[in-house]
Amino acid sequence: MIAAVNVTEFCTVGDYLIYRMKEVGIEHIFGVPGDFNLHFLDQIEASGEVSWVGNCNELNAAYSADGYARIRGIGALVTTFGVGELSALNGIAGAYAEHVPVIQITGAPSTSASAQGKRIHHTLGDGDYTHFSSMYKEVTVAQTSLTADNAPEEIDRVLAACWLQKRPVYIYLPSDVCYQSVPCPKGPLSLPRFSSDPGRLQSFLTLAAEALNNASFPVILADYEVSRYHLTDALRSFVNHSGYPAASLSMGKGVIDENHPQFIGVYSGKISDPYVSSMIDSADCILSIGVRLNDVVTGGFTHNLPPEKMIELHPSCAQIGQVDYPDVVMSDVLEQLIPRIRRRSMEQANLLSLQARQSPRIEILSPHGSGRISQERFWGMISEFLQPRDVVLADTGTALFGAISIPFPAKASFVAQPLWASIGYSLPALLGTQMAAPDRRNVLLIGDGAFQISAQELSTLLAQRLKPVIFLINNDGYTIERLVHPIDNPYNDIQPWNYDLLPHVFGEFGSFISLRVTDEIQLAEALEKAELSDRLVFIEVVMDRTDAPELLRSFGNILTSGSPVKPLPVS
């Protein structure tokens, strides 16, 4: 038991690693068993400190650990050497791209086998056991191969790097090392944080305050780095004090309460709500907090953010115009800039909040009729269905652009992959987010194409007796690809499934509600059942393959018009 760590002088390498992971907040470890990790899995099972969650495959385990980390602060998975860790590599790359702290633990062949270069299974048969760890160097910020001599120091080092940089790390754990004896932790793990250079910080604060106070119309743009570094409360305090209009980007949807009187909406370049675009375009000083731009969040790089207007804050650095300020930390700036800036009144800010601009809310029980469900009506009804503190997940494609378009209730969290954009991510991520926050309702929005990538993880959700609400948007294939490249070719078609029957295949009868809806009356009834259910709810929503959220249509048009390659006529 790990508890013995506190009262004995020595423990095993495996117990040391488990203890440290529990210390940083991990209570569930995802993965798939394999012969090189089984001894470590035995230690997890015996620990009493963390719980093992077996996935259907390693890619899904990486997605689950990613989702868990986005809600809990850090996540972990265990795979076997070679075949297992390579299956997880795509998920780890996504976590690296989107700054998600995940610990990848590879159960590896024994040290004697690798030293002798034995030609064993899961290797390439060339005696070199370093191929796969070398691949992981490209998508992790720290790597280690554990031995009895280095384990305590190396475990502490890579976990600290994971926590500080909010990106994955890689731990290579040979099967004969996990039970070897090492000194127990002598004290709590020292978790580092970025610190500001005092002189640079003061110089930056002086110039930033001057620019903001002299601006006629300053605005705030906030994004996902705020949530990764647990600074949503600090951001809220700054927004409240400043009085500035505030917008988010889609990767950071939810970092500002969307019911806040200063929140104007989500900025997506030229495809934004016209009011949001006009507010950003007319600003003469833009305070960018935790923003990292990419094509999806900027509407295909159609944003208008001139460098001369920008003040940028990042976790460990800042920038004004073209001048960089290394070692000026976002958290310090948010706190220390407050007393230096002049607060603007609502009249001075001249803003109309998103909440004030919303049409009267759609009544769930007042559907328009028995016709086929439109995307516009569906997303309006979902907006009404969402509740404060919900965790909302959306897969890449129709679901992502639809979710971006609707207002979220207070304290809702948004989980999506706008940058890495790996379809199928969200269903396994749901397993992670729901286990990370069992007291919050999780709502998944996923298209039929994405669902077919990782559908088997529905069985794990049912096995764990979790109770999310899953909306499967059945619009007959890859709608986003049809809009991006509007040629009616069959590669965007997928095999139709009887989606609503899958819970019956994967789960125990009585542990779920599964429904298929084709019109608004049925959808309204399904939403009412979901509101009252104490079980997993799976709702297949059938929509037309040519229908799409307006934001997705606009994005597709921009990508199509900007394509350097014109499609050849089909003969």
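**Exercise 1. Find which residues of α1 and α7 meet, then describe the packing of the two helices.**

Solution. Val13, Tyr16, Leu17, Arg20 and Met21 in α1 meet Ala151, Pro152, Ile155, Asp156 and Leu159 in α7. Contact means heavy atoms within 4.5 Å. By class, this contact has eight nonpolar, no polar and two charged residues. Ala, Val, Leu, Ile, Met, Phe, Trp, Tyr, Cys and Pro count as nonpolar, Asp, Glu, Lys and Arg as charged, and the others, Gly among them, as polar.

The model is predicted: local features need pLDDT of at least 70, side-chain atom pairs count only at pLDDT 80 or more, and totals for chains, interfaces and linings use all residues. Residues are numbered from 1 along each chain as its sequence is written, and side-chain values use heavy atoms, with hydrogens and water left out.

Next, the geometry. Helix α1 spans residues 13-23 and helix α7 residues 151-165. Helices are DSSP runs (H or I, at least four residues), strands likewise (E, at least two), numbered from the N terminus. The axes lie 10 Å apart, at an angle of about 25 degrees. Axes are lines fitted to C-alpha atoms, for helices over the stretch in contact; angles run from 0 to 180 degrees between N-to-C directions. α1 and α7 are therefore roughly parallel to each other (under 35 degrees; over 145 is roughly antiparallel, 65 to 115 roughly perpendicular, the rest oblique).

**Exercise 2. Classify the packing of α3 with α17.**

Solution. Take α3 (residues 58-72) and α17 (residues 426-436). Their axes come within 6 Å and cross at roughly 40 degrees. That makes α3 oblique to α17. The contact holds eight nonpolar, five polar and one charged residues. In α3, the contacting residues include Tyr63, Gly67 and Ile71. Among their partners in α17 are Leu431, Gly432 and Met435.
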